[in-house]
Amino acid sequence: MPKEEKEFGGTPGAIGLMIFSHFVPFYFALSLRYSSGGLYCPSSFDEFIENFKETCSPTWSAFFLYTGFCFLQLIFAATLPGLVIKGLPVPTENNRQYTYNCNALSSWYVTLVLVAILHVTGLVRLTILADQFGSVLCVAVICSDILSIIIHFYALQTKQTCRMTHSPIYDFFMGVWLNPRIRILGQDVDLKMLAEVRLSWLLLFLLIVSAAVKQYEAFHTVTWPMTLILTAQLLYINACMKGEECIPTTWDIFYEKWGWMLIYWNLAGVPFVYAFQAYYILVNSLRTQKPTEGVSMTLIIVCFTVLFFAYYIWDSSQAQKNRFRMKQRGTYVPRNAFPQVPWNTLENPKYLKTECGSTLLIDGWWKYCRKPHYTADICMATCWALSCHQWPGLLPYFYPAFFTGMIIHRYTRDIARCKAKYGKDWTIYCKHVPYAFIPGLI
Ligand code: NDP
């Protein structure tokens, strides 16, 4: 069995991260309920248990809401029209190329229409998510843990494993199955893509819209900070949907296995942790009954400006790289999904040919630094946190701090992989593009 080098601090790191990842969203839910998003410190263990039961006990309606949403997305993934894209050859499976029906955009639009109909007709009001935040979170955590166990043992049983180590806990954390697929209604659905693109981001969007609707119902207004966080997340989530056809060739799909880490963060971590700012604004509006007091319009304008600029760099830089690579492979198909930002496709860009056959773009945003999209993403994450400036507190800043740490760690993992893949060509590439995040600085 080839030995896989361990990341994330090996087995102890994996255990620590699994505990920490469970702690964070529950702590946030309790903090929102009992400390208005401030630090939550129960006076005794009994009080903590009482609070936990009161806020996070799973309910049947939370169960049906969450599983109904996931099931519906699975059906949409199998049935709605999309762009059929070939993935990269998988070396561990005789260079087999999987096909992906990239229909996240249609699923996104259909979900929005469906949710609007359910809300307006009163069949399922959007505010149910805000009302049952802790219960839905608990259901999501239980479902993702159970699913991780099922997927792990199913892959072992059917021998669909790759890059295993000798540590069962580490393998459970990182996953053993690279291309988890199921056949549903005659269509192959890639579960990793489904979870990464739709389940996480669509649920996040519904959660924050739920917070905004709740604020509107209480005050007949959606405040500027809430509008800022809504806009920021709408841009981000829409971009994930409209660019789905670029995802099959990203390293999450061709390299990362579908283990506890991806399953948990896609099904529970991302939606509930990333929704914190919207709920922070909501609970403090309700607590103070003064939703607009303390809003700095200067800061809001600065945040909107930074957000739009950072979004522009983030969207166009990823489009430049992905379209460049798709053109090289002959798989490029122009798409008009809204918005198409200027300079997102480069004509005859400069690039490096490498000995292993791949090409590295050294033009567009990619001539300035090696990770322009990471820097832009960190700027957007900071704007999310600053939307909470009305009521000073630490927890809204968890997301940019966590995101920055996570993305720097991801950068080191990616660089290690690229150095191994490209060898001396990577050194040549780094001479062409010496800076990683900010040109002239780092
Ligand atoms: P990247 O888009 O950075 O892709 C990395 C790969 O791209 C490399 O392994 C290499 O693969 C290829 N590559 C690197 N440089 C070049 C170049 N100059 N020209 C052509 N190809 C190149 O991957 P990520 O998946 O990390 O990031 C995608 C986006 O997702 C980012 O914006 C990131 O911020 C975001 N993200 C957000 C998260 C969140 O929770 N909000 C979590 C994780 C990511 P190859 O082997 O093909 O050469």
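In which helix is serine 135 found? Serine 135 is found in helix H6, which covers residues 133-157, where helices (H or I, at least four residues) and strands (E, at least two) are DSSP runs numbered from the N terminus. This is a predicted model, in which local features need pLDDT of at least 70 and side-chain atom pairs count only at pLDDT 80 or more, while totals for chains, interfaces and linings use all residues. Residues are numbered from 1 along each chain as its sequence is written, and side-chain values use heavy atoms, with hydrogens and water left out.

Serine 135 has a relative accessible area of 9% and is therefore buried, a word that stands for under 20% relative accessible area, whereas exposed stands for over 50% and partly exposed for values in between (1.4 Å probe, protein chains only). Leaving aside neighbours within four places in sequence, serine 135 is in contact (heavy atoms within 4.5 Å) with Thr55, Cys56, Ser57, Pro58, Thr59 and Ala62. A polar atom of the serine 135 side chain lies 2.8 Å from the backbone oxygen of serine 57.

Asparagine 179, found in the loop between helix H7 (168-174) and strand E3 (181-184), counts as buried because its relative accessibility is 5%. Residues up to four places away in sequence not counted, asparagine 179 touches Val90, Glu93, Tyr98, Tyr100, Asp190 and Ile253. The side chains of asparagine 179 and glutamate 93 are joined by a polar contact of 3.5 Å; such a contact is a pair of N or O atoms within 3.5 Å, where within protein one must be able to donate a hydrogen and the other to accept it, and residues adjacent in sequence count only if both atoms are side-chain atoms.

Another loop, between H14 and H15, holds serine 387, which counts as buried because its relative accessibility is 0%.

The next topic is the nonpolar core, a set of buried Ala, Val, Leu, Ile, Met, Phe, Trp, Tyr and Cys residues joined through side-chain atoms within 4.5 Å. The largest such core has 148 residues, of which Trp201, Met241, Tyr274 and Tyr279 touch the most other members. Helix H8 (residues 191-219) gives the most to this core, with 18 residues. Tyrosine 279 touches, among residues beyond four places away in sequence, Leu32, Leu129, Ala130, Phe133, Leu207, Ser210 and Ala211.

Which residues are closest to the ligand? Of the 26 residues that surround the ligand, the closest are Arg325, Tyr374, Asp377, Asp414 and Tyr422, a residue being counted if one of its heavy atoms lies within 4 Å. An N or O atom in the side chain of aspartate 414 is 2.5 Å from an oxygen atom of the ligand, and the corresponding distance for lysine 321 is 2.8 Å. The largest share of the shell around the ligand, 10 residues, comes from H15.

Some backbone angles also deserve attention. Most residues other than glycine have a negative phi, and most peptide bonds are trans. Asparagine 94, however, has a positive phi near 55 degrees, and with a relative accessible area of 76% this residue is therefore exposed. Lysine 159, in the loop between H6 and H7, has a positive phi of about 60 degrees although it is not a glycine. The peptide bond from phenylalanine 338 to proline 339 is cis, with omega near -10 degrees.
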